[in-house]
Structure formats: C-alpha cells, structure tokens
Amino acid sequence: MPIRLLSLPTKDFQYTLNCMNDGDLIAFSLCSKHSKNLTKSLNRKNWKTRARVFEDSVQLDLIVCRYEEVQNQDENEIYISLDTSSRIEPYRDCGVATEMNRWRKPEFTGTHWLAHFLSIFNESMVPVLKITRECKMAFLNTFIFPKCPILRFERECTNELIEQCVSKLSAEHLWMMSNHRFYRPKSIQLNLMERISGDRILKGIRYEILDGPRYGFLYRLKRADEKELEVSIRLGRDVISSKMKNYEACETENKSVACEVPGDKIDGGVICGNSNFEIDEGINSSANFAILDVSHRDHEHSKRLAVANFGAKLNFSKNDGVDVGIDADLVRYAYEGENFKVGTGLSYSTGIKFQPESVKIQVLGYGFEYDNDGFGLKIPLLDLKFKWW
Amino acid sequence: MAPKKNSAKRPQPSTPKPSAPARIVKVQSSDGHILQADVRALLLSSTLAATIKGYDDENKPLEKLEVNNVVGFTLKLVLEWCEKHKEDDPAIAQAEKDKKNIFIPSWDRHFLTKLPMGNLFDLITAAYHLDITGLINYGCKTVANSAKGKSTEEMRELFGIPEPWEQPSTSTATWDD
C-alpha cells in the first residue's frame with residue numbers, strides 16, 4: 001500500500017521533501033506536474049549552478065553546498081549531461097552513473113531537462129554558461145539556452161567560435177528575437193582578450209556607433225518595437241587576464257533590469273504616453289496614452305492594471321508582416337501565469353495582426369489570437385489565453 | 001579539501017529526569033478502543049499535555065482522555081512510541097525540528113521501518129494531530145529515506161501519485177522576456 005505523501009499535512013510533507021537529497025527530489029519532481037510544483041515550493045537553492053557547453057552536449061553542474069559545509073560528499077554534487085535528444089546522463093563526482101535510469105523521461109529533450117532543473121531549484125538563469133573549445137555551432141543552433149548573466153569561454157576557444165557564439169547567444173537570441181522566449185538585457189558588455197570585429201559580431205543587425213574606438217566601441221541596437229540595447233566591446237587584457245583563468249567574453253551589465261532584479265519589476269504610472277515613428281524596410285509607428293498604466297512582474301506571474309488606455313499602431317514590414325489596430329481599454333486588469341493569461345475589464349480594441357509567428361484579429365473587443373505562446377479568445381469583458389509553452 | 005563526514009548527531013539529554021511513580025490514565029480512540037498510558041508518555045503530545053494540564057489546574061480527577069481523530073490501531077502505535085520516549089528531554093525533539101539531517105536512533109528506525117507504508121502514514125498524521133514533534137521528525141525522515149535511490153516510476157508507486165506527466169514544457173517563466 002502506498003503512503004499518500006500528498007495527503008499528509010502540508011508542513012509534514014514539506015519537511016519530508018526537505019529531508020530528501022537533490023537526486024531523490026529530482027526524481028520526485030518528475031512524478032507529476034503537481035509534484036513538480038511542490039518541489040518548486042520548497043524554494044530549495046543549490047549553492048552553485050553552472051553549465052558547460054561541449055561538442056554536442058551541455059553539462060549542468062548542481063552543487064548543493066560549499067565544500068566546507070558539506071555533510072555528505074556523495075550527495076553534494078550532481079553533474080548532468082544533456083543533449084538535444086532525450087539522452088540524459090547524470091553522474092556523481094566519482095563518475096558512477098548512480099542516477100542513470102532514475103529520471104527517465106523519454107518525451108523530454110535536453111532543453112526540457114534544463115528548463116526543468118532550473119525551474120525546480122528556482123533558478124532564474126544559469127549563473128555561468130561556459131563555452132568549451134569543443135563546442136560546435138551546429139549544436140548551439142539546435143539547443144535553446146536559458147538566460148545567463150555571464151558567458152565564459154575557455155582560453156583555447158578560437159576567435160571564430162567566440163564571434164559566432166556571442167553573435168548568436170547575446171545579440172540574436174537574447175535580444176533581437178521577438179518571440180519573447182529569450183530575455184532582454186538592457187546592455188551587454190564584452191571584455192575581450194583580443195580584438196574582434198564588432199561588424200562580425202553584429203552581423204545582420206542594425207546598429208549605430210555611440211563611442212569609440214579608443215577603448216573599444218559602444219554600439220546601440222534598436223529593435224523594430226523601438227526597444228534599445230547597448231553593446232560595449234572593449235579590450236580587457238590587462239584587467240581580465242590577471243584575475244581570471246578563463247576570461248569573460250560577455251557579461252550583462254549588473255544594472256540591467258533583467259539581471260539585477262530578476263524577481264520583480266514594477267513600472268508604469270499615472271498619465272503615461274509614448275509614440276514612435278520609423279520608416280525603414282516598412283513603417284513602424286505607434287502612439288499610446290493612458291491615465292493609469294501599472295504593471296508588476298516577477299518570474300512566475302505578471303499583472304497589469306490600465307485605466308483609459310488608448311493607442312494606435314500602424315506597422316507594415318515585408319519581414320515582420322502587418323500589425324495595425326486601435327487599443328481602447330476603458331479599464332483592464334490582466335494576470336498572466338505560467339500556463340494561462342486572463343484579463344477582465346471593458347475593452348473595445350480593434351485590429352489585425354499577421355506576423356510570421358503570430359495571428360491576432362479583434363473587432364470591438366471580440367476576437368482571437370494565436371502565436372507561439374498559445375491560443376486566446378476575447379470578448380469586451382473578458383479575455384483568456386492558454387499557453388502551451 | 002577532504003570532505004567532512006556526516007557529523008549530524010542527536011543532541012544528548014541534558015540531565016536524566018528522576019523517575020517518578022507512574023500515573024496511568026485511560027485513553028480512548030475514535031473507534032472506541034480504550035488503552036492505558038503513563039501520563040509522562042502522554043505529555044510528549046502538546047495537545048494531550050494541554051488537556052491534562054487543564055484537569056490538573058482544576059484539580060479534577062483524570063480518568064479517561066478521548067482522542068477523537070485517531071483510530072485504535074494507530075493510537076496503540078503512538079502510545080508505544082511515546083512510552084519508549086517518555087524519559088526524553090523535549091528539547092531534543094525541538095532542537096531537531098525541521099532539520100534536514102537528523103539521526104534516527106536504532107529503536108525508532110526499527111519501529112518505523114517495519115510498519116507498512118499505510119500505517120506509517122496514519123502514524124505521522126496522528127502525530128500531527130496530537131502535536132508530537134519527535135514522532136513527526138522521525139516519521140517524515142523515515143518516509144524520505146524510503147524514497148532514497150528510487151526511480152520516478154517507483155516513487156510514483158510508493159507515494160501513490162497517479163497523475164502522469166502531461167505535456168513537457170520548457171517554460172520556467174524565467175526564459176520569457
């Protein structure tokens with residue numbers, strides 16, 4: 001007869017889970033969605049989490065606590081090798097694959113595993129992502145990376161590999177992609193041992209040079225939605241080489257919202273307005289006014305309250321498609337969780353959006369939307385969206 | 001650096017209590033079973049200790065305690081555990097409360113691990129209702145130990161988790177913009 005762990009008093013099953021080591025807790029978290037959420041609710045943190053990218057796999061290292069504090073060496077470290085398939089090879093420090101076959105999840109790809117581990121240990125990001133000299137771009141192109149404040153390269157990495165990685169991970173994926181799967185730092189600082197051409201790193205991206213070239217360059221990147229990113233590329237040989245075995249090639253600035261305050265963000269206010277107009281390979285223009293527009297966001301949820309929010313947008317582009325419409329929210333409160341989004345109030349927004357990964361049609365508050373995140377329906381008083389990501 | 005060995009030790013009782021003459025009372029379970037127990041054993045339960053204190057304060061004779069949410073079989077196990085630990089310093093259990101690495105003495109380990117999982121569940125639940133910190137500590141730790149090294153499938157079976165995993169997700173809500 002099983003022990004109905006989840007029927008125990010909350011305090012007791014939380015204590016029971018707290019008594020488990022990381023390996024057992026991971027196995028438990030994989031039992032069901034509910035058990036995953038329970039594991040998350042323990043708020044267990046590892047002392048150190050890091051990821052290293054090899055030829056065709058990512059090794060995720062979970063280190064439970066400092067060596068000085070370690071109670072049981074065998075349970076202090078878990079190394080997990082992930083690739084793009086469902087193959088997972090966890091092993092302990094001694095190299096024995098003790099966890100092999102325990103966490104079988106055939107439907108999980110390496111990306112799913114990575115997301116799962118970060119999620120249950122409440123990591124908002126991999127603190128350090130290290131690229132080894134064995135890393136191949138073909139693998140980077142197939143593995144979706146989580147956000148990381150520090151990207152490091154092994155000393156033996158070639159300039160070509162560094163350029164490709166920085167270009168892909170920081171500029172393209174972390175910033176320029178507009179599907180909201182990747183985080184958006186406000187700035188990226190590159191401290192390089194050797195001069196690398198900014199043109200090559202920012203290849204295919206529209207930018208302007210704000211400063212340089214004496215100590216390096218400061219670039220400003222601008223997205224179609226007017227959001228900006230500053231990228232500073234500096235030679236850091238004297239500063240970096242004396243301090244670190246492996247130099248940092250890319251580090252998001254600590255002051256950026258995404259890094260410094262990973263848990264919370266509140267913005268907006270009373271009487272908000274903004275507008276923009278741009279003609280490039282199309283037209284990008286928008287204007288917006290609200291008496292009150294306040295949003296609060298953390299890693300689990302986001303909330304937004306808007307009163308008398310009116311706006312208009314007119315975007316045509318041969319690459320991005322069409323997005324035109326009028327926002328008319330008399331009052332609107334929206335809540336977005338991990339798997340759904342719900343909004344209520346009174347909205348008569350009207351518009352049409354046909355973009356490569358997103359379709360949205362609404363007329364006087366009635367409509368639907370479909371994109372990579374999920375599917376949603378709207379009426380003037382209520383809107384619901386179910387997310388499958 | 002050489003790793004330190006597991007240094008989790010059970011706190012030692014501060015001073016042995018002088019043995020007092022046993023004061024036996026009757027305890028009635030929710031299904032009507034009547035058992036007998038030493039009051040010192042019952043004092044390990046904060047819930048029963050409060051009731052006993054109430055009788056003592058009013059100088060009322062304590063003949064029978066009713067435990068309405070624990071059945072006879074489980075109550076017998078609870079009283080057996082309490083009887084074994086009636087000389088314990090309550091500070092021991094309090095000191096171990098919520099600690100991850102606690103040492104389970106051999107008698108308790110034997111007592112708890114021999115129980116079928118269903119009975120262990122009832123025992124922990126009873127300990128929760130009666131607020132017996134030491135029994136909760138050891139019971140929960142025993143459950144955690146029973147999961148040691150188990151696979152996901154084995155754990156699902158052990159803990160009676162029927163819900164299969166649904167759609168795999170890469171969403172950690174941390175990757176979003």
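Modeller: Along the sequence, chain B follows the pattern β-β-α-α-β-α-α-α-α-α-α, and its secondary structure comes to eight helices and three strands. This is a predicted model, in which local features need pLDDT of at least 70 and side-chain atom pairs count only at pLDDT 80 or more, while totals for chains, interfaces and linings use all residues. Residues are numbered from 1 along each chain as its sequence is written, chains are lettered from A and ligands numbered from 1 in the order in which they are written, and side-chain values use heavy atoms, with hydrogens and water left out.

Biologist: Why is H3(B) called roughly antiparallel to H5(B)?

Modeller: H3(B) and H5(B), residues 106-113, pack at an angle of about 175 degrees, with their axes 11 Å apart. Angles run from 0 to 180 degrees between N-to-C directions, and axes are lines fitted to C-alpha atoms, for helices over the stretch in contact. Under 35 degrees counts as roughly parallel, over 145 as roughly antiparallel, 65 to 115 as roughly perpendicular and the rest as oblique, and therefore H3(B) is roughly antiparallel to H5(B).

Biologist: Which residues make the contact between H3(B) and H5(B)?

Modeller: H3(B) contributes Leu77(B), Glu80(B), Trp81(B) and Lys84(B), and H5(B) contributes Trp107(B), Asp108(B) and Phe111(B), where contact means heavy atoms within 4.5 Å.

Biologist: What makes strands E2 and E3 of chain B edge strands?

Modeller: Three strands of chain B form an open sheet in the order E2-E1-E3, with mixed pairing, and two strands pair if DSSP finds at least two bridges between them. E2 (34-38) and E3 (64-66) each have a single partner strand, so one side of each is left without a neighbour in the sheet. The twist averages 35 degrees from one strand to the next.

Biologist: How do you know that E1(B) pairs with E2(B)?

Modeller: Five bridges join E1(B) to E2(B), and the two run antiparallel, with Ala37(B) of E2(B) as the bridge partner of Val25(B). H3(B) packs on this sheet, touching E1 and E2 of chain B, and its direction makes about 10 degrees with that of E2(B).

Biologist: Why does Glu83(B) count as partly exposed?

Modeller: Buried means under 20% relative accessible area, exposed over 50%, and partly exposed in between (1.4 Å probe, protein chains only); the relative accessibility of Glu83(B) is 36%, so Glu83(B) counts as partly exposed. Glu83(B) is found in H3 of chain B and, leaving aside neighbours within four places in sequence, is in contact with Asp38(B) and Ala41(B). Glu83(B) and Ala37(B) are 46 residues apart in sequence and 7.6 Å apart in space, C-alpha to C-alpha.

Biologist: How many residues of each chain, as a percentage, count as buried?

Modeller: For chain B, with 177 residues, the share is 46%, and for chain A, with 389 residues, the share is 49%.

Technical notes:
Helices (H or I, at least four residues) and strands (E, at least two) are DSSP runs, numbered from the N terminus.
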